[in-house]
Each structure stands twice: as C-alpha cells, then as structure tokens.
Amino acid sequence: MKKKFTKQYFTIEEITTAFINCRRRKKFKNTSIEFTLNERTKLYNLLERINSRDYSPNPSSVFAVKYPKPREIWAADFSDRIVHHLIYNELNPYYESTFSTDSCSCMKNRGTLYASDRLNKHLRSITENFQKKAYFLQFDIANFFVSIYKPALLNILKRKVSTDSVMYFLLEKTILNNTIKNPVIKSTDFFDLIPSHKSLWNTDVNYGIPIGNLTSQFFSNLYLNELDQYIKHTIKNKHYVRYVDDGILFQKNKDILEDNLKQINTFLNNNLHCELAPHKTFIKNTGSPINFVGHITRHYRRYTRRRTINQFKNKIHKNKFNHKELIKITNSYLGFLRQTSSYDLRKEIIDEIVRSGYINVDKNYTKIFKPLVT
C-alpha cells in the first residue's frame, strides 16, 4: 500500500521543473515573457511563500468561447499555473496508476482514439463480435465542472494527502480559491450565450472548478474515479468506458441496465453531489449508432460526426488564404478523421484545398503540406 503524501516543503529543483513545464508552448505569451525576465528571483519568492504557507492565488483572467459550444475559460495567473504544475507533477503519477483502464481524457495515451477503441472492444465483447443482441446505457453528468463539490473533492484527496503537509496546503488554496473574485475580463464576447447554470458566476462558492486549469483536468478525473470504481467493483459491470463526464455501459439484459442507471444516479447524488443530464442519458440497442468522443460507432464501422465535419469545413473556408494556418488546422482535423472510415470524405475536402496549387497532399489523404520552392 502506497504511503500518504507528507511532504513539508518543496525544493528549488521541483519548482524549476514546474516552471519549465508551465512555460512549454507558452514561451512567447506576454505573461510568460514577463515572468522569465526575472525568473530566478520570482521562483525563489514563490517557493518561499509556498513553504512558509503564505501563498495565495492571484486573480484569474476569463473569456468565453463559442465553439464547440459556449463556455467560460478561466486562465490562472502565470505564477499560479506554476503551482498547478507543481501539484500535478507530484500527484498525477501516483493517482493515474490507480485509475481504471477505461478512464480516459487528460492522460498520456488516453485521448479520444483510446476511448473510442475501448468502446469498440466492449461492444465487440458484449455482442460476441456482433452476433448477439445487447444494450448500452449512455450518460452525461449535468454541468459537470460547475457541479464538482469542493469539500467532497478535498475529502477524496485527504485519503492520500496528509492534512499537515505543504501539498494539502496548496490543494486547499487551489480548490477553495474563489475564482470569480476580481477576475480580469479579457473579452465580453459570447458571455451572453452561456446558460446561467453553466457559469461559475452563478455557482455557489462550495461548488465548481474553473475550466482551463491543469489541476481542473486532473481533479475531474480524480473526482469521477469514485464513480468508475463504484461501477467496476460494486455494480460489477466490466463493460464500461468514460471520457470526462460522458460514460457508456453495456449489458445483454436491458433490465439490468435500467437498475444500473438508478444505482449510478443515487451514487452521484449521495457521494459526489451531482446528477445525470436527463436529455443526454438513455438506453438503446447496440444496433443503434453510438455517438461518443466525436465518433459515430456502428457494427464494423466508425464515422466522424457531422458537426465535427462542418466545423472542419468552416475553418478551412475562413483560412483559405492563410496557408500556414490552413495547413495547421487541416492536419489537426485529418489526424482525427483518419481514425475513422473516412477516406472518401478526406479526399473530397482536401481535393478542393489543393486545387489552389499552393498545397500538396500525401497519397492517402492523411496530411497536407506546402510544397518546396525550387
């Protein structure tokens, strides 16, 4: 059995590693540049405030995005993001090793393709390679990130993190931080599109963690690991996969799935203080298409859902004269599309792009690139 985290202080090496991780891919952001100008002094000061238990988070920045759906994005101050990496670097390796193999998202090698492959594995198993009838229960947790109950999250962490440790001090400061206090509003665009029940502005102070922080991704997996373990070990359903707050269970008997649904709802209400979204929770025959992690899965085939394809086409249209951005966006989507049965679709979309003469494509329509000038 693994020991509790009892660490009383962090070292300069640990906070420097956290800083390097935090700065990766953000070297040219203003906040990163500003911190880097006097990084040694700032890192020592931050480390001193952490070890002396005098650290408090700074105000966050906030803006809203429209796609894929309207939502708030909260960006912590750069120094606080270093703290998030400090927490993540120490806790994630420990906890991730205890997560179910069917828990996906925000973990190395456990993205959408992994989740879709696990779904296919369970679908083939429960139907005996599509020869037997079966059913699936698909559920979604209502307003998940704003529904996370902070005291419950801390209680989960207390099992492995000593309350007198410097780690628990940082966890309390991060989780209990009142994110909506004096934030920097980057833009007011799209805020009016966000339903009030999905906004931290309208959430009780004991609920909700901000979308956008590294720790929020980690905490969300840790929180719903409670549900994963309940389904695997109490309900004893081995045919189950979850990606963030979207889960699917399979059973040969529909009545058993209906009982599973009641058990899951009760567990969420009593233990995690959240509930299922009724309009996104249902039971269907496995002959029906399964919409999961951007894919439509059917017997023997996997497709990309129409909404994702339309977004792809819209972004191509908006960037058709910006070849550098066009290549970047297109290759990102092609990486997603090639996970599915989509050769004809890829060819149709890419043929239109390469007609400009400025773009080339490989023979399998999996990558585009700008031709070399000779």
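Predicted model: local features only at pLDDT ≥ 70, side-chain atom pairs only at ≥ 80, totals over all residues.
Numbering starts from 1 along each chain as its sequence is written, and side-chain values use heavy atoms, with hydrogens and water left out.

Helices (H or I, at least four residues) and strands (E, at least two) are DSSP runs, numbered from the N terminus. Axes are lines fitted to C-alpha atoms, for helices over the stretch in contact (heavy atoms within 4.5 Å), with angles from 0 to 180 degrees between N-to-C directions.

The sheet under discussion is open and has five strands in the order S3-S6-S7-S4-S8, with mixed pairing; two strands pair if DSSP finds at least two bridges between them. Its edges are S3 (103-104) and S8 (282-285), each of which pairs on one side only. Six bridges hold S4 (residues 135-140) and S7 (residues 246-251) in an antiparallel pairing, with Asp140 bridged to Asp246 in S7.

S9 (residues 290-292) runs antiparallel to S10 (residues 295-298), joined by three bridges, and Phe292 sits opposite His295. Two residues separate these strands, and Val293 in the turn has a positive phi of about 45 degrees. S10 also pairs with S11 (residues 301-304), antiparallel over four bridges, where Ile296 has Tyr303 as its bridge partner. This hairpin too has two residues between its strands, with Tyr300 at a positive phi near 75 degrees.

As for helix packing, H12 (residues 323-337) meets H13 (residues 343-354) at about 170 degrees, the axes being 11 Å apart. That makes the two roughly antiparallel (the label for angles over 145 degrees; under 35 is roughly parallel, 65 to 115 roughly perpendicular and the rest oblique). Leu326, Thr330, Leu334 and Leu337 of H12 touch Leu345, Arg346, Ile350 and Ile353 of H13.

Finally, the rings: the whole structure holds 18 aromatic pairs, counted for Phe, Tyr and Trp (its six-membered ring) when centres lie within 6.5 Å, with planes under 30 degrees apart called stacked, over 60 edge-to-face and the rest tilted. Phe19 and Phe35 make a tilted pair, 5.6 Å centre to centre with 35 degrees between the planes. Phe19 belongs to H1 (residues 12-23) and Phe35 to H2 (residues 30-36), so the pair ties together parts 16 residues apart in sequence.
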